[in-house]
Amino acid sequence: MSLRSAALLPLTLLATSALAQKAPIQITADLSDAPRRLYHAEIDLPVKPGPLTLITPKWIPGNHRPTGPVDEITGVVFTANGKPIPWRRDDEDLYQFHVTVPAGVTTLHAHLDCIVTSRVSQKLAVLEWEKLLLYPANTPVKEIPVQPSVIVPKGWGIGTALTPTDGYDPQHPIGGTTHYAATTVEQLEDSPVITGQYFHEFPLAPEVTPKHYIDVVSDAPEDSNLRPALLVELNNLVRETGAAYASRHYNVYHFLLTLSDVAGGEGLEHGQSSDNGVGEKGFSDDNHQLAESDLLSHEFTHSWNGKYRRPYNLYQDDFAKMQQGSLLWVYEGMTHYLGNVLAARSGLKTQAQYRDQLAISAANLDYKPGRDWRSTEDTAIAASILRGGNLAWSNWKRGQDYYQEGELFWLDADTLIRKLTDNKKSLTDFLHIFLAKGGNTGPLIVTYNRDELVSDLNQVVKYDWATFIHDRIDNVNPHADLDGIERGGYKLVFTDKPNLSEKTVSAIGGSRSFINTWYSIGLRVNPDGTIFDVRWGSPADKANIAPGAKILAINGNIFSPEALRTAIKDAKGKTEPIHLILQSDTFVTLADIDYHDGERYPSLERIPNTPAYLDDITTPLATPEKAPTEKKQE
């Protein structure tokens, strides 16, 4: 399919027409039972007598797989004029409910509950609307009007991009019921709600329009009061997106941030907001922030790349239809690249930290044996079966590599444009064409295909971009695309000590803390000695070690992270293998790893007498606001 800018007009008219000509569904989401892991909904649907099929969402935009929680929706009861109406689930599509509306009935009432298994705690809750939505099947969701209300516990604040109609004051939340303006099912699904007892809303970059806010909920009262330095960096982020993307495609934007060790663990894009969940201390200081430094910039970038500009085969007009992922190396890959770049430009991380993390990502891809058989495009096409997979042998299977592979691809394109134009043009010129089509708009979806990417790149500088894409995305490539790094003035090297950023992230603990012997013996090991992956073809693989085994002892010493590192260092230049005692299931086995090259950790090294495009790329485009003195280490 080819895209024309004229597609903007019909999308606007359809949404407006749907609201004007049809009475909206009325839905009240009741989150007052959130501490008990239950949500409730009361839904009034305009109907006509006769057979009716209703449905709840299956393919959730941004999830890239069918994650609609139909199995957690319970307590479904339909009534008309106060009398129960029988219903039957569809035999094939289990997301559908069939009812027969009696004569004379114009409103069908539905009650349903949802058992909430994540993103909720005693002090806060997150509502993604697929948990409670019910609407007519086989109808484009942008044509179904809906008017939402939300009930929350007393005193809880609410963060959402929905427009309140009853004077809700985020600075003085009282809880109870808040009513919102009518929208469409498509836009409601794209408008999550966070709520909590400890709530703060902060305006960002007040001179920029439309308006931007960050809404924060947390389990502890001190956590939701964000550091002044972080707020300055987020002000910079808002300004940097204006310079980078030359457009805005929302009426208002809300960063929704959940700080909780119980209800964290999320990053999901939406057109006018983003749902971001991290651990309780995820943004409490610079060291914790480094691990999360690109989260907000990544999800914010998706408002342009992914929500406004969306692959033609990923966008579907109905949440029941499969979303096809072949262009996720653009949707997610370019966003991954830009999210990290914007984090550096905004001060959420330093240029040195950007390079450190790029080195870690590039090395991981270059040492991923599954690239010997699987292309980057196939990781995108197969996204729905690769998400949420087991970590065992994941390097041979490959996972959602279209994120990091896409990052290297777009860095390659950026530095090539700079080289071909003597640094007079860059990927920013492409973004001003590709992401700013139609100028500033409200929340819209405008699709694209590969031909448009090639055409827009050629508007920046003439080149054989079709072959450039084919060679890097479609072909099987045994090595990662490191051309962008080297053209950017750096090269990937390995040293005997982790770079500073790897040390910082590892020191804060949590899920990102593991013993990294990947580039030496070929193991990723949890602090307790459990091996969660073995690199295919590595010395550990040749020693017949398998994921899931637990290291009990090393060279006669009880396992500890330091004992493992010492064994690798001591084996350097010698002939004696590293001796392991392992527990696998209920058995104890021995393994000898024949490795003698010492510890190896990735880093970037400056190439003398070459343009430092990598540093140019991470230099702010807008005038940065200086944060209070709380600077990060270089």
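Where does S326 lie? S326 sits in the loop between β21 (309-311) and α6 (328-331); helices here are DSSP runs of H or I with at least four residues, strands are runs of E with at least two, and numbering starts from the N terminus. Before going on, keep in mind that this is a predicted model, where local features need pLDDT of at least 70, side-chain atom pairs count only at pLDDT 80 or more, and totals for chains, interfaces and linings use all residues. Residues are numbered from 1 along each chain as its sequence is written, and side-chain values use heavy atoms, with hydrogens and water left out.

Back to that serine. S326 is buried, with a relative accessible area of 17%; buried means under 20% relative accessible area, exposed means over 50%, and partly exposed is in between (1.4 Å probe, protein chains only). Setting aside neighbours within four places in sequence, S326 is in contact with N313, E377, A380 and I381, where contact means heavy atoms within 4.5 Å. With N313, the side chains of the two residues also make a polar contact at 2.9 Å. A polar contact is a pair of N or O atoms within 3.5 Å; within protein, one must be able to donate a hydrogen and the other to accept it, and residues adjacent in sequence count only if both atoms are side-chain atoms.

Now for the charges. Side chains of opposite charge can pair when their charged atoms come close. A search of the whole structure turns up 31 salt bridges, each being a side-chain nitrogen of Lys or Arg within 4 Å of a carboxyl oxygen of Asp or Glu. Take K281 and D223, whose side chains meet in one of these bridges at 2.9 Å, N to O. K281 comes from the loop between β20 (273-278) and α4 (286-291), and D223 from the loop between β17 (211-218) and α3 (228-245), so this pair ties together parts that are 58 residues apart in sequence. The lysine, K281, counts as partly exposed at 33% relative accessibility, whereas D223 counts as buried at 8%.

Another salt bridge links D286 with R227, with the closest N and O atoms 3.7 Å apart. D286 belongs to helix α4 and R227 to the loop between β17 and α3, so here the parts tied together are 59 residues apart in sequence. Both D286 and R227 are buried.

K437 is in the loop between α13 (427-434) and β22 (446-448), while D456 is in helix α14 (residues 450-460), so the pair ties together parts 19 residues apart in sequence. D456 counts as buried, at 2% relative accessibility. There is also a network: salt bridges with shared partners join K368, R371, R398, D401 and E405.

R398 lies in the loop between α11 (394-397) and α12 (402-420) and is buried, with a relative accessible area of 1%. N81 also has a positive phi, near 50 degrees, and is found in the loop between β4 (73-80) and β5 (83-85). Is N81 buried or exposed? N81 is exposed, with a relative accessible area of 67%.

The bond from T209 to P210 is cis, with omega near -5 degrees, and P210 lies in the loop between β16 (198-204) and β17.

Finally, turn to the strands around β29. Four bridges join strand β27 (residues 550-554) to strand β29 (residues 578-584), and these two run antiparallel; strands pair if DSSP finds at least two bridges between them. On the other pairing, seven bridges join β29 to β30, again antiparallel. L580 takes part in both: L580 is the bridge partner of I554 and stands opposite A591 in β30. The hairpin of β29 and β30 has two residues between the strands, and D585 there takes a positive phi near 60 degrees.

L590 lies in strand β30 (residues 587-593) and counts as exposed, at 69% relative accessibility.
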